[in-house]
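Open the model in your viewer and keep the selection panel at hand.

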Amino acid sequence: MRRYGTFSMAIGGGAALLGLALAASGLHEPFLEQAGEWYRTHGWQAAAQWTRLRWAEFSVVALFPPGLAFGMIESTRTWQKAALGTAAALLSALLSPLFALYGVLFDVVPLLLAIALVILGAVGFGRTEFGSRKRRLERALGTRVSARVFSSLLDAAVAPNFEARSRKVSMIVCRLLPADEDEGRVTPKDALTRGSWFLRAVSSFLLSRGAYLEEAGPERIRAVFGMLRDEEDHAVKACQAAHDLRGRLGGLAREFESRWFHPLAWGVGVTSGTMSIGLCGDPGRFLLAGVGGEMDFADRLALANARLASDVLLGPETCRLVQDRFEVRPLELVYDPLSQGLREVCQLLAPTEGFSEEERQRRDWFWKGVIRLRQKQHEEALECFSRARVPGVEDRPLAHLLAQAQDGIATPESRSARLIREFTDDGQARLLERL
């Protein structure tokens, strides 16, 4: 945007200087005298002698062209430029007969010359590679990026390349989750209100973090980090955004429940992978889109929060990329139909910096409890989970796993449960709830 402003000032300032030079030279005075004589013969002159406002003529010529140049360069469509230039020329031409009604002979020739130069300069600039960049960015990106990111792409020394290519990206999916309390209580109006609040809060937050907003709706929002340019820290940015989004949505949930007495359940899933990126769609209605990057798995992770009583879940590749920057804890092995195998899902805790030693020890006990639970050692798992608990602090994922360990102790394994375990743990069968 700064470079566009520089070009606007150069075109508008140059046209204004030429107009001022013409006004000061007086070369067009014969035409001005003929205009005055025409006004006099047609009864437009209100006084015996014409009055000249030279300061007003010079001021208009100096100030109007730069403003017109800025407006025309910022306009990306041809019809907008044409309408703006035509309106400016007509308004300027009307100044002369308007002032003539009050006995003032106003010189508009230098102003019209400056306007013509601005129109030619703006149209010529719009045909250059840099001048057409804003139009191409608007067509490809629209409002899917923040104003800061759009401005950085516009002012970049090298034009953004939207040709088909593969990039390492991290995707974050945030979804509204169904709650049992909603059954029969939420009216259509309340449901749309909740969706609108959710959409505004999440989309504006992710845009402010530099994400590309690929999909936004009242129930699901999907954003990608590293889609517009190669970024080595795309996973770190996605996890930091998910961690901060947790606090924002927590506040939104409390506010929503205090106003409408309805819970606001949500879940976030973050995955990393390779995405094929490029322009997609009709020639006149294309947009920047991506294929791959574990879109489906990120969406399933966001939904899995409802079953695991968690809030932010990370895929295995994301955990590997951020293992030195963020603390996580494993929750469950989830079957991925695309990779035909089980993948470990982890909950995002907090950045490593500031994570206390006590919190790390409790995290380790939680980890040991998960391993014991997977090995069907329910008593050992219960002991580990008890050590991981923080007194007086609600930990829903821990409570979920504690209940599983307690059920394993209280309920001996039945024949049907043993068969299911043999099919799922030793065989290739998968429970529907884990698909």
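A residue counts as buried under 20% relative accessible area, as exposed over 50%, and as partly exposed in between. The model on screen is predicted.

Select Phe-7 to begin. Its relative accessibility is 35%, so Phe-7 counts as partly exposed.

How are the planes of Phe-7 and Phe-130 set to each other? They lie at 40°, with the ring centres 5.8 Å apart, so the pair is tilted. Phe-7 belongs to helix α1 and Phe-130 to the loop between α5 (109-126) and α6, so this pair ties together parts that are 123 residues apart in sequence.

Phe-125 and Phe-130 make an edge-to-face pair, 6.2 Å centre to centre and with 65° between the planes. Both Phe-125 and Phe-130 are buried. Across the whole structure, a search finds seven aromatic pairs.

Move on to residues 133-141, helix α6, and residues 147-155, helix α7. Their axes come within 10 Å and cross at roughly 140°, which makes α6 oblique to α7. The crossing is right-handed.

Show side chains at the contact. From α6, select Arg-133, Lys-134, Leu-137, Glu-138 and Leu-141; they meet Phe-150, Leu-153, Leu-154 and Asp-155 of α7. By class, this contact holds five nonpolar, no polar and four charged residues.

Notes. Residues are numbered from 1 along each chain as its sequence is written. This is a predicted model: local features need pLDDT of at least 70, side-chain atom pairs count only at pLDDT 80 or more; totals for chains, interfaces and linings use all residues. Side-chain values use heavy atoms; hydrogens and water are left out. Axes are lines fitted to C-alpha atoms, for helices over the stretch in contact, and angles run from 0 to 180 degrees between N-to-C directions. Helices (H or I, at least four residues) and strands (E, at least two) are DSSP runs, numbered from the N terminus. Angles under 35 degrees count as roughly parallel, over 145 as roughly antiparallel, 65 to 115 as roughly perpendicular and the rest as oblique. A crossing is left-handed if the near helix is turned anticlockwise from the far one by less than a right angle, and right-handed if clockwise. Contact means heavy atoms within 4.5 Å. Ala, Val, Leu, Ile, Met, Phe, Trp, Tyr, Cys and Pro count as nonpolar, Asp, Glu, Lys and Arg as charged, and the others, Gly among them, as polar. Rings of Phe, Tyr and Trp (its six-membered ring) pair if their centres lie within 6.5 Å; planes under 30 degrees apart count as stacked, over 60 as edge-to-face and the rest as tilted. Buried means under 20% relative accessible area, exposed over 50%, partly exposed in between (1.4 Å probe, protein chains only).
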